[in-house]
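Reader: I would like a close look at one part of this model, with the cut-offs stated.

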Amino acid sequence: MTLTPVPRLAVVVVAAGSGTRLRGGAPKAFVGLDERTILHHALRGVFAAEAAQVVIVVPHGFEGDALTDARDAAGARADLVSVVTGGQTRQESVSAGLAALWADVDIVLVHDAARALTPPAVFDRVVAAIDAGAVAVIPAMPVVDTIKRIDPADGRVIAAVDRSELAAAQTPQGFRRDVLAAALRDAEADHTDDAAAVASVGHPVMTVEGDATAFKITTAPDLDRARALLAGRPSPEVPPAPAPRGPQVGIGTDVHAFGGEGALWLAGLEWPGEIALSGHSDGDAVAHAIVDALLAAAGLGDIGTHFGTDRPEFAGAHADAFLSHTVGLLAAAGWRVGNVSVQVQANRPRFAARRVEAERILSAAVGAPVSVSATTTDGLGFTGRTEGVAAFATALVVPA
Ligand code: CTP
Ligand code: MG
């Protein structure tokens with residue numbers, strides 16, 4: 001295992017709010033956007049940006065859920081994640097996150113989980129500005145609406161405000177670690193963002209360009225907007241791990257009529273003195289049913305997909321050629337055979353004396369146990385009239 005080098009950068013993702021305005025039935029960060037939570041989406045943006053220690057701050061009782069989301073979103077960076085419990089206010093939650101930073105970290109970004117769709121480029125712009133010498137940086141968006149100052153008591157307009165002097169602050173907000181830690185330690189008021197705490201102790205705060213998709217999910221319409229944006233968004237930044245596979249079963253059946261040329265071949269055996277079955281190959285309905293069951297179990301199509309009449313090399317071929325080719329197809333797709341059970345319905349040939357022999361030869365060809373049983377159909381149907389042979393197989397395959 002290779003360990004990721006200790007980064008100089010950390011991102012504190014604050015997700016400990018209750019989401020009272022959203023009323024999503026769970027703390028806001030744990031409300032679903034699609035099949036994933038707001039927090040999970042926020043973390044995807046974080047992990048797609050520069051490698052950083054990631055501290056997630058969550059409400060008491062949600063630490064385990066957050067870790068599950070984080071491991072899923074982190075991909076190869078899971079060893080950079082920790083989860084801590086937040087406080088009553090956003091500022092207390094940020095402080096709890098700062099307390100978990102590793103010693104080598106000297107740049108801290110604080111990011112609202114509620115800004116779930118923030119693109120990685122915004123993180124990059126903030127880090128670049130700190131690298132260029134700023135002590136505090138926020139992403140900001142121009143205000144598009146005309147702004148009025150009002151009297152909160154009755155909503156009456158008191159004055160117009162020049163919007164060219166205004167900007168809407170977003171996150172991630174970036175700081176030199178020492179500056180942010182000191183500002184929060186000394187903060188007298190509760191600030192709604194970290195830049196305000198840093199500015200209140202006299203540091204300049206720079207801006208970089210924000211992004212319209214970094215809006216904060218606050219109310220139900222914001223949630224709708226985020227969901228609509230996601231529905232139109234292409235592939236995720238972090239490739240999902242392949243779903244773990246378990247055992248799978250498949251079924252296969254085959255029928256052949258008597259009346260072929262030469263000797264009878266059935267269940268991998270030659271039956272001297274019996275009437276041959278007709279078919280493109282040797283007409284071995286037992287082998288063909290097993291092939292279909294194996295292919296079906298592995299989700300690889302059916303016998304026609306792989307052994308069509310356009311494959312002259314299988315004309316006249318016997319069971320071992322079909323079965324070993326099929327087992328090879330399965331192996332290439334990551335499957336091995338668990339076992340196979342096949343039943344023959346036929347008046348002739350009589351299997352009793354050669355059943356064990358058939359099992360041995362088929363098991364050798366498949367490389368796994370194949371059990372064979374045989375029955376007649378009480379004189380009914382085409383098998384009862386000795387017109388042909390039917391075979392029914394089930395197969396179990398397991399990941400190789
Ligand atoms: N936050 C936090 N700890 C708190 C309060 C807020 O970590 N005690 C986080 C939220 O989880 C969110 C961000 O700060 O990611 C911005 O806060 P806000 O949008 O106000 O979220 P909530 O406080 O959860 O929502 P509301 O104010 O509607 O209850
Ligand atoms: Mg709040």
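Reader: Of the 18 residues around ligand 1, which come nearest?

Author: This is a predicted model, in which local features need pLDDT of at least 70 and side-chain atom pairs count only at pLDDT 80 or more, while totals for chains, interfaces and linings use all residues. Residues are numbered from 1 along each chain as its sequence is written, chains are lettered from A and ligands numbered from 1 in the order in which they are written, and side-chain values use heavy atoms, with hydrogens and water left out.

Val14, Thr20, Lys28, Ser93 and Lys216 come nearest, out of 18 residues around ligand 1 (a residue is near if one of its heavy atoms lies within 4 Å of the molecule). For three of these, a distance to an oxygen atom of ligand 1 can be given. Val14 places a backbone N or O atom 2.8 Å from such an oxygen. Thr20 uses a side-chain N or O atom, at 2.5 Å from an oxygen atom of the ligand. Lys28 likewise has a side-chain N or O atom 2.7 Å from an oxygen atom of ligand 1. A polar contact is a pair of N or O atoms within 3.5 Å; within protein, one must be able to donate a hydrogen and the other to accept it, and residues adjacent in sequence count only if both atoms are side-chain atoms.

For context, the chain is divided into domain 1 (9-218) and domain 2 (226-399), with bounds from an automatic or database domain assignment. Their C-alpha centres lie 59 Å apart.
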